Amino acid sequence: MEQVDWSRIPGPRWYRPESARAAVEALGRSSSAQQAARALADLRYAVTNDHAGTLYPAAVPATGVLLRAIDERPGAPRQEALNALLDWWGCLPEPGFETYENPLSGSVGLVEGIMSHVRDATDILRRVADDRTGDGGHRPAAELLARLNKGWSEAFG
C-alpha cells in the first residue's frame, strides 16, 4: 500500500491530516468489520467538508484506501467505502483546493484524480457488482460503475 504523508497535502483550515492518518492506521489495526467500517467513516470525514458537500485534495489518496477496502473487506467496511464514493460523486472540490499534487506523477485535478482511481478499479467493482451471494455490495458497486460511465456530475437523480 502506498504510504501517504497526509500532512503534506494542502487543504482548508478544516482539513485535519492527523485525523486522516489516524483513520488509516485504525483501519490497519482493525480486528472486526465494525472497527474497519468506523475507520473508513473517519477517513471519509477527514478528507471532506460533508456539510458543504466539498472534497479536499486528500480525497484523492483516500479514494485508493476506500477502493482497497471494497476489494478486501466485505460486509460493513465495503458498504461504508462504497457509500462514501457514491456520496462524493458529483461533489465539487473545496474552493481554492481543486488539484492534488501526486508526489509521483505531479498535479492532477481533484475530480480527475478520484475518477482515475475508480477507473483503475473497474475489475474490482465489476467483481463486487456481479457477486449476488455476497454482502449486498453488488448494487452500490453497480451504481458506482454506472456513474463512472456517465462521468462526474453535480446532479444524479
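1. Contact here means heavy atoms within 4.5 Å. With neighbours up to four places away in sequence left out, Val47 touches Trp6, Ala20, Leu55, Tyr56, Ala58, Ala59, Ala62 and Trp88.

2. On the basis of the values: this is a predicted model, in which local features need pLDDT of at least 70 and side-chain atom pairs count only at pLDDT 80 or more, while totals for chains, interfaces and linings use all residues. Residues are numbered from 1 along each chain as its sequence is written, and side-chain values use heavy atoms, with hydrogens and water left out.

3. A nonpolar core is a set of buried Ala, Val, Leu, Ile, Met, Phe, Trp, Tyr and Cys residues joined through side-chain atoms within 4.5 Å. Buried means under 20% relative accessible area, exposed over 50%, and partly exposed in between (1.4 Å probe, protein chains only). The largest such core has 46 residues. Those with the most contacts inside it are Trp6, Leu43, Val47, Ile70, Trp88, Leu125 and Leu144.

4. Which elements give two or more residues to this core? They are helices H1 (17-29), H2 (33-46), H3 (59-72), H4 (76-88), H5 (110-120), H6 (122-130) and H7 (138-150). H3 gives the most, with eight residues. Helices (H or I, at least four residues) and strands (E, at least two) are DSSP runs, numbered from the N terminus.

5. Ala59 belongs to helix H3. Is Ala59 buried or exposed? Ala59 is buried, with a relative accessible area of 0%. Leaving out residues up to four places away in sequence, Ala59 touches Val47, Trp88 and Ile114. Its C-alpha atom is separated by 12 Å from that of Arg21, 38 residues apart along the chain.

6. The axes of H4 and H7 come within 10 Å and cross at roughly 25°. Axes are lines fitted to C-alpha atoms, for helices over the stretch in contact, and angles run from 0 to 180 degrees between N-to-C directions. H4 and H7 are therefore roughly parallel to each other; angles under 35 degrees count as roughly parallel, over 145 as roughly antiparallel, 65 to 115 as roughly perpendicular and the rest as oblique. At this pairing, Gln79, Leu82, Leu85 and Leu86 in H4 meet Pro140, Ala141, Glu143, Leu144 and Arg147 in H7.

7. An open sheet of three strands has the order E1-E2-E3, with mixed pairing. E1 (48-49) and E3 (92-93) stand at the edges with a single partner strand each, so one side of each is left without a neighbour in the sheet. Two strands pair if DSSP finds at least two bridges between them. E1 and E2 (residues 54-55) run antiparallel and are joined by two bridges; Asn49 has Thr54 in E2 as its bridge partner.

8. E4 (residues 99-102) and E5 (residues 106-109) pair in the antiparallel sense over four bridges. Three residues lie between these two strands, which form a hairpin. Asn102 stands opposite Gly106 in E5, and the bridge partner of Tyr100 in E5 is Val108.

9. Gly96 lies in the loop between E3 and E4. Gly96 is exposed, with a relative accessible area of 57%. The C-alpha atoms of Gly96 and Arg16 are separated by 17 Å, the two residues being 80 residues apart along the chain.
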